[in-house]
Amino acid sequence: DNLNDASKRLSQALTEFQSAAKLEPQNPAWYVSIGEEFANLGDLILALEAYQYVTTIAPEDASYWRLLADFCARNGARIRDVGLPAAQKAVQLAPKDPLALDTLGWVLVLDGRYYEAERFLLQALEADPALASAHFHLALLYLQTGDRASMRDHLIQARDLGSAEAEALLTQYFP
């Protein structure tokens, strides 16, 4: 029954965001919210379309390109053809933004391009040494490349910066 209630609330939220988007069709925030709600409801196709639409409303805003790339990365969807170009566009628009650099690095890790990924993740940490997600993504890169010592170091840093995921992996790999 709780699941039913949650689904109703998500559907209601989606309806409200869609109504708001009709009133303010040029406000990209509404479409980000619509994308999130579709994702929460399990409709990744409509979610992706909403995120892609946002980049047509605000094509010069790096944060929306980053959100599109992040959506692809979080859902393992269309990494190479949508996520990677979106992450590259975000970095092109905001070359010093640690979140954009981290997202590009993470998408490259997911695409198996570890050398390039490491470069961007290290740039993200240069820009913001306290960015837990970049430490976490570097740790996952080092997991993929078999560098357990570096993996452990970055998991510890990510954990110390508040990453619950890093703490879980530390427990799993370094009990």
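I looked up what covers the buried residues of helix α10 and found that the cover includes α8 and α9 (148-160); helices are DSSP runs of H or I, at least four residues long, numbered from the N terminus. The model is predicted, so I kept in mind that local features need pLDDT of at least 70, side-chain atom pairs count only at pLDDT 80 or more, and totals for chains, interfaces and linings use all residues. Residues are numbered from 1 along each chain as its sequence is written, and side-chain values use heavy atoms, with hydrogens and water left out.

Next I listed the buried residues of α10 (residues 164-173): Ala 166, Leu 169 and Leu 170. Buried means under 20% relative accessible area and exposed over 50%, with partly exposed in between (1.4 Å probe, protein chains only). Seen down the axis of α10, these residues fall within an arc of 105°, so they line one face of the helix; the arc is that of the directions from the helix axis to the C-beta atoms. On the face turned away from the buried side I noted the exposed residues Ala 164, Glu 165, Thr 171 and Gln 172.

I then checked the N-terminal end of α10. Ser 163 caps it, with a side-chain oxygen 3.0 Å from the backbone nitrogen of Ala 166; a polar contact is a pair of N or O atoms within 3.5 Å, where within protein one must be able to donate a hydrogen and the other to accept it, and residues adjacent in sequence count only if both atoms are side-chain atoms.

Last I looked at Leu 23, which lies in helix α1 (residues 2-23). Leu 23 is exposed, with a relative accessible area of 74%. Its C-alpha atom is separated by 48 Å from that of Thr 171, 148 residues apart along the chain.

Terms used
Helices (H or I, at least four residues) and strands (E, at least two) are DSSP runs, numbered from the N terminus. Contact means heavy atoms within 4.5 Å.
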